[in-house]
Amino acid sequence: MAGSGIRPVIVTCAVTGAVHVPSQSPYLPLTPEQIAQSALEAGEAGAAILHLHARNPENGKPTPDPDIFMSFLPHIKERTESVINITTGGGQGMTLEQRLATPMRAKPEMCSLNMGSMNFGRFPIKDRIKDYTYDWEEADLESSRDYIFRNTYADIEYILRELGETHGVRFEFECYDASHLYNLAHFVDRGLVKPPFFVQTIFGILGGIGPHPEDLLHMKRTADRLFGNDYVWSILGAGRHQMNLITMGAIMGGNVRTGLEDNIYLGKGELAQSNADLVAKVVRILKELSFDIATPDQAREMLQLKGAHNVGF
Ligand code: KMH
Ligand code: ZN
């Protein structure tokens, strides 16, 4: 069916994240109002899934504060059919307890789940910034040189049990390298992950696999071998690789992720002015390739989600 134009493609939009800093783009949503507005526009542009982080409205720093999340989650839910997916990865320096505070309270349809501990090098971003708007930004980027993004087997199992088994949350399994696919296979074998599961293969993060077409082929082949038809594949390319890998991955049968969390550029040297602009570009590419765009309810069916009426907000 891949490439036939029959299969609808799920577009995920990651609205603000915790990778980029405000000085990189004036268009990065920072306040709850901006995050909500940008998410809603992305949904209207065709994103079936909205992957959400929160930021401190005072200075744009990523925050796990459930009160800040709760100031925009219900607003978004009331105004869109799109699936709300809350990060459990959080941002640099957050403890697991902090990262899970909002997901445990909100019990959303989906959460991200990062499938291994790793280096997560954001320090090269420093080379592209001349003036910093906020005093935390430069030190935060620099300290990623010595930072380990912690996702141990115990952490992953805890999340699978507490959010998955107890609250019916389904996951966007974030796989930054082939080893993460094997970690996922371990939990599948133990019966803690049940099909159809959503595998977000991530390319081009420093600390993970690269963004070369060969890397995408390797991840796809490995996932096919480990999971057969039990998984729903999605592609996330960081930065300037986003559109290339989305195009290649969609042709190969994948779903796609875009958004300012992963890429702040619409084209060469041109900042994306909104998440909707990125989603609209992805939708244009997919439609040119004769793909249909999955509606939120089609995404719910494909991923067997519990439904928006079964969440805690
Ligand atoms: N920032 C992305 C590369 C998470 O939120 O749990 C991966 C991500 C992680 O979205
Ligand atoms: Zn994220």
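Hi everyone, let's start with one residue: leaving aside residues up to four places away in sequence, Thr102 touches Pro64, Asp65, Pro66, Phe69, Leu73, Ile86 and Lys107, where contact means heavy atoms within 4.5 Å. Before going on, a word on the source: this is a predicted model, in which local features need pLDDT of at least 70 and side-chain atom pairs count only at pLDDT 80 or more, while totals for chains, interfaces and linings use all residues. Residues are numbered from 1 along each chain as its sequence is written, chains are lettered from A and ligands numbered from 1 in the order in which they are written, and side-chain values use heavy atoms, leaving out hydrogens and water.

Back to Thr102, which sits in helix H4, residues 96-106. Helices here are DSSP runs of H or I with at least four residues, strands are runs of E with at least two, and numbering goes from the N terminus. Is Thr102 buried or exposed? Its relative accessibility is 1%, so Thr102 counts as buried; the cut-offs are under 20% for buried, over 50% for exposed and partly exposed in between, using a 1.4 Å probe and protein chains only.

Now for the barrel. Eight strands close into it in the order S2-S3-S6-S7-S10-S11-S12-S13, with parallel pairing; two strands pair if DSSP finds at least two bridges between them. From one strand to the next, the twist averages 25°.

Please look at strand S10, residues 170-175. Why do we call S10 largely enclosed by the rest of the structure? Because six of its six residues are buried. On one side these are Arg170, Glu172 and Glu174, and on the other Phe171, Phe173 and Cys175. S10 pairs with S7 in the parallel sense over five bridges, and four bridges join S10 to the parallel strand S11, residues 197-203. Glu172 is a handy landmark: Ser112 stands opposite Glu172, and in S11 its bridge partner is Phe198.

Last, a pair of helices. The axes of H8 (residues 213-227) and H9 (residues 242-251) come within 11 Å and cross at roughly 40°. These axes are lines fitted to C-alpha atoms over the stretch in contact, and angles run from 0 to 180 degrees between N-to-C directions. H8 and H9 are therefore oblique to each other, given that angles under 35 degrees count as roughly parallel, over 145 as roughly antiparallel, 65 to 115 as roughly perpendicular and the rest as oblique. Pro213, Leu216 and Leu217 of H8 meet Leu245, Met248 and Gly249 of H9.
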